[in-house]
Amino acid sequence: MNRSLRIVLAVTSVFAMPMGLSAQPGGVKSTTRQNFPTDPALSVPALGALVSARTSEMADVIARFASDQQVLQRRYDAPDSPAQRTRTRAFYVSWRARLGELAFDKLSQEAKADYALLENHLRYQLELMDREEIQRTEMLPLLPFADRVLRLQDERRDLKTIDAQASARTLADVTKMVDSLRVLLEPAPARPAGDSANGMPRPARVPAPKVSRTVGNRAADQLDQIRNTVSVWYRYYNGYDPLFSWWVTNPYQKLDEAMRRYATTIRTRIVGIQPAPVVAAGAGAAQAPRNAAAANEPIIGDPIGAEGLAVDLRHAMIPYTADELIAIAEKEYAFSLAEAKKAARELGLGDDWKAAMEKVKNMYVEPGKQPDLIRDLANEADAFFAKHDWVTIPALAREDWRMEMMAPERQRVSPFFLGGDLILVSYPTADMTDEDKLMSMRGNNPFFSRATVFHELNPGHHLQGFMTARYNTHRRVFSTPFWNEGQSLYWEMFLWDHDFHVTPEDRLGALAWRMHRSARIVFSLSFHLGKMTPEQAIEYVVDKVPFERANAEGEVRRSFNGSYSPIYQAAYMLGGLQLRALYKELVMSKKMTDREFHDAVLQGGPMPIAMVRARMANVKLTRDGASPWRFADDLPAPRPFPSK
């Protein structure tokens, strides 16, 4: 059948055969959200427990560090400028030196954990600066003028009296340099017919800078940032200093246009991105950074290699190589695949798990009904947790979250709903193509959504945010996806083990995400190891995970467009597995109850899970932290669903 015809028939079927209530997951139906509390007084906690709560002696130290870091970031606000780099490095080095002066052995276990967390954080910030220095050197052939022009903003922040004529000369010099570099990247002009150049050979053309697509893409993004910084500098003086405006306005406009054209040329000639249409703007107006999700933009990314991954994994306190983590992910994927085939057999489809997933995806709700579905699924999860004594969900945390619709442009990189105190619903809008509408509805079907609403709300991201704003708030500086994403993924595994997913459709919805998180480890780490291109990553996701191609592309795009750290996507499954291993150590051994365990994780604040273990299991700590924890050796076996 013709592809476009299949799409039209599928979209038409939404209206011809709307999904009946009996096909929806769960069974909790309502016309409103569950409102908590019925008695407003229940939203106020017992204050005595808060007054007597144990705190770390290091809390004020870390709060001071975070505050000082914030003021320096505001003060040195020209990103990557000479002064910003110098002052930031000195700040981290000085803090490490001061930290070493503390009497570590006299601290409590909680304070020792904080000490080790701060030392780990400071070391990593310096390692990141070393990595950025290497990247800056790689970009230097394309941006040799960067420090010179960024120094203008540094001098403004130093309150140096400006020399308008000298500033105009600086801008004019940089403009010539930018234009010269751009010309080198553009094709050489053809010699007119009959032009013999007086019989003399044409002078040799200066070779263009040789850099990779990755470096070119990074340099173009950096150029956008430089252009924005220069615009901020210009607007500070323009109009307020008549002499400045008289000297600088014209040179600034020429430099702004030269940098815009140069960034476009880098993207076109080096990166291979076709330029987007230029929207006319007022004279001298700064262009906002490009939309990394532009429809015609290839996915480039910026791989950090095995050495970079080792640095990031050490910061996350993960004592495994990237290849070892890929092997762990493949083992987890094998479990999910076996369970998906089992569910497919229950649906009469044999081992064809992909056909079973297609059946589930086609059970989407009609346009306009997705918010009601999300509301009902949230109510169902609330009701399920209310029946068990697994974790404390304060009454106010059940009441305060809100719902909004996700903007269409954001859906390109976030094809599924997002959550926290505000849950953003991803679903088609009227101006999308029929193909995009169908892929969005199929990708956000009730069964896929049922397995993630509690991931985004309670007891997932919303409850995490609620607790971190109220307990050990100084530790928010140590936020890590292994704690927040890993904890939400842990709850998905936990509810699988506790029969939240019973029907084959519900189990397939949960397994789709479990497969996805395994695949994320494989494709993201493989990309940074240089073993997989973004295009191969998309094909891998399409093959291994039952996502629509547009959803798979969105997942890969947001993994590599710079919005997330290199190991962020691996943190979901790995953080969840770490918490499963810790649950086995502390709860399955009867040392803690479920509620004690989960509350301690949430109230302890964000940090690498190895440090959560050190706190909760009273593991011996040194200034560098705990000894390596090979958590995969201690994992409880995943619970297979009984075969029928």
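Tutor: Helix 8 is mostly covered, since 18 of its 25 residues are buried. Buried means under 20% relative accessible area, exposed means over 50%, and partly exposed lies in between (1.4 Å probe, protein chains only). The model is a predicted one, in which local features need pLDDT of at least 70 and side-chain atom pairs count only at pLDDT 80 or more, while totals for chains, interfaces and linings use all residues. Residues are numbered from 1 along each chain as its sequence is written, and side-chain values use heavy atoms, with hydrogens and water left out.

Helices (H or I, at least four residues) and strands (E, at least two) are DSSP runs, numbered from the N terminus. The length of helix 8 can be checked: at 1.5 Å a residue, its 25 residues should span 36 Å, and its end C-alpha atoms are 37 Å apart, which agrees. The expected span is 1.5 Å times one less than the number of residues.

Within helix 8, which covers residues 213–237, lies arginine 227. Arginine 227 has a relative accessible area of 5%, so it counts as buried. Its side chain makes a polar contact of 2.8 Å with the side chain of aspartate 256. A polar contact is a pair of N or O atoms within 3.5 Å; within protein, one must be able to donate a hydrogen and the other to accept it, and residues adjacent in sequence count only if both atoms are side-chain atoms. Just after helix 8, glycine 239 takes a positive phi of about 90°.

Aspartate 80, in the loop between helix 3 and helix 4 (82–99), has a positive phi of about 70°. Aspartate 80 is buried because its relative accessible area is 18%. Aspartate 499 has a positive phi of about 60° and lies in the loop between helix 20 and helix 21. At 37% relative accessibility, aspartate 499 counts as partly exposed.

The side chain of serine 56 reaches the backbone nitrogen of methionine 58 at 3.0 Å. Leaving aside neighbours within four places in sequence, serine 56 is in contact (heavy atoms within 4.5 Å) with Glu110, Ala111, Asp114, His474 and Arg475.

Another loop, between helix 18 (453–456) and helix 19 (461–468), holds proline 459. The peptide bond from asparagine 458 to proline 459 is cis, with omega near 10°.

For the whole protein, the secondary structure comes to 26 helices and two strands. Of the 644 residues, 52% are buried. Among contacts with a separation of 6 or more, 78% join residues 24 or more positions apart. The protein exposes about 29,300 Å², and carbon and sulfur atoms supply 54% of this area; such areas come from the Shrake-Rupley method with a 1.4 Å probe, and for residues only the protein chains shown count as cover.
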